[in-house]
Amino acid sequence: MIIILKPNAEQSDIDAVCDLICTLRYQPRVSKGEHDIVISCIGNGVSPHAMEVLRSLPMVDRVVPIQKKYKLVSREFHPEDTIITVGGEKIGGGNIPIIAGPCAIESYGQFRQAVKDLVDCGIKIIRAMPFKPRTSPYDFQGLKLDGIRIMRDVKEEFGISYISEVPGLMQIKMLNDICDIFQIGARNAQNFDLLENIAQYGKPVLLKRGMAETIEEWLTAAEYLVSCGSPNVILCERGIRTFETATRNTLDLSAVVVAKSMTHLPVIVDPSHAAGKVKMVPALARAALAVGADGLLVETHPDPVHAFSDAAQQIPSAGFQSFIDAVKPWLDLAKSLPR
Ligand code: PEP
Ligand code: MN
């Protein structure tokens, strides 16, 4: 359940309500919005007794029972869009960045060239993947520690921010010093042990939607992150598995619309892993922006034909400006959409 305080509530009122919530064996979480102060009660279900006690307090405007499995990520708890800042770049609330980079770090030369091309186009957050969780154990698994060394050198030269996928518990600490956003991949979307552990670092986390995950399950996975200490979660729709084989995955743009109505967290779209084919990426990116996506995550490589992974879907990095130009009118449109 959530408690909305009267507009003139003061800090002493918030403290008094929180104390009572603890006495009732819930954990209080306070959200101070532009218009409302909302306190969420984290704990076991909705108790009619607790609701009655809380409603009787003079500073309480209303108590709303929320039966949902997620609370902290819900719009009811926090009506305004959450804006996440990473290295000076904002995501959410009308700020719509393009995040880009190669599928994987393959060598110093390959990664540096990709970053240089992207920096020339004004890209500030770079995909930097030293670990590659792959469906087949025989496929390229990433350069691992060598990849992290490359990330250090390239960051020193260009001063960019990194998003890096964390495949398991062992890699959290290794990546924490160098990356600015942790990525949870589609294959780990409901690895709750990983989510709980990663959340303790308090760093922004990009949570991909699982291949067969409902929107509610996706938001509930995000609730693990937020409730365990990581408020800055970015959701990423990357296509789901359906009967269709013409695309790598089926990009579920309705999920962007639905998720954005249910949560205050930014929802971005990865058209690359959805399409699986480079030619489709600009059209899917435009469609994502048209439905209100808060950003794009795009794969690009200096020499896609020879890429070690996902060769068919990576945009040549030397031509990344043409991709930006192709989506620019939709980007401007997305910035003017009502929120
Ligand atoms: C990725 O973004 O590098 C990736 C592997 O994507 P996904 O987890 O969506 O398959
Ligand atoms: Mn990839």
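Mentor: Let's begin with a helix pair: Val 281, Pro 282, Ala 285, Arg 286, Leu 289 and Ala 290 in H10 meet Phe 323, Ala 326, Val 327, Trp 330, Leu 331, Leu 333 and Ala 334 in H11. By class, that contact has 12 nonpolar, no polar and 1 charged residues. This is a predicted model, where local features need pLDDT of at least 70 and side-chain atom pairs count only at pLDDT 80 or more, while totals for chains, interfaces and linings use all residues. Residues are numbered from 1 along each chain as its sequence is written, chains are lettered from A and ligands numbered from 1 in the order in which they are written, and side-chain values use heavy atoms, with hydrogens and water left out.

Trainee: What makes residues of H10 and H11 "meet"?

Mentor: Contact means heavy atoms within 4.5 Å, and the residues I listed from H10 and H11 meet in that sense. For the classes, Ala, Val, Leu, Ile, Met, Phe, Trp, Tyr, Cys and Pro count as nonpolar, Asp, Glu, Lys and Arg as charged, and the others, Gly among them, as polar. As for the helices themselves, helices (H or I, at least four residues) and strands (E, at least two) are DSSP runs, numbered from the N terminus.

Trainee: Why are H10 and H11 called roughly parallel?

Mentor: Helix H10 (residues 281–290) and helix H11 (residues 320–336) pack at about 10 degrees, their axes 8 Å apart. Axes are lines fitted to C-alpha atoms, for helices over the stretch in contact, and angles run from 0 to 180 degrees between N-to-C directions. Under 35 degrees counts as roughly parallel, over 145 as roughly antiparallel, 65 to 115 as roughly perpendicular and the rest as oblique. So H10 and H11 are roughly parallel to each other.

Trainee: What about H3 and H4: which angle do they pack at?

Mentor: About 30 degrees, with the axes of helix H3 (residues 108–120) and helix H4 (residues 145–158) 10 Å apart. That makes H3 roughly parallel to H4 as well. Their crossing is right-handed; a crossing gets that word if the near helix is turned clockwise from the far one by less than a right angle, and left-handed if anticlockwise.

Trainee: Which residues make the H3 and H4 contact?

Mentor: From H3 come Tyr 108, Phe 111, Arg 112, Val 115, Lys 116 and Val 119, and from H4 Ile 150, Met 151, Asp 153, Val 154, Glu 157 and Phe 158. Sorted by class, the contact has 8 nonpolar, no polar and 4 charged residues.

Trainee: What makes Lys 173 count as exposed?

Mentor: Its relative accessible area is 63%, so Lys 173 counts as exposed. It is found in helix H5 (residues 170–176). His 49, in helix H2 (residues 48–55), has 54% and so is exposed. The C-alpha atoms of His 49 and Lys 173 are separated by 44 Å.

Trainee: Which atoms are called donors of the manganese ion (ligand 2)?

Mentor: Donors are N, O and S atoms within 2.8 Å of the metal (3.2 Å for Na, K and Ca); water is not among the atoms, so sites may look incomplete. Cys 103 (SG), His 273 (NE2), Glu 299 (OE) and Asp 310 (OD) lie 2.0 to 2.4 Å from the manganese ion, and these are its protein donors. Along the chain they follow the spacing C-x169-H-x25-E-x10-D. His 273 lies in helix H9 (residues 271–275) and Asp 310 in the loop between strand S14 (296–301) and strand S15 (315–316), so the pair ties together parts that are 37 residues apart in sequence.

Trainee: And are His 273 and Asp 310 buried or exposed?

Mentor: His 273 has 8% relative accessibility, so it is buried. Asp 310, at 16%, is buried too.

Notes: Buried < 20%, exposed > 50% of the residue type's maximum accessible area, 1.4 Å probe, protein only.
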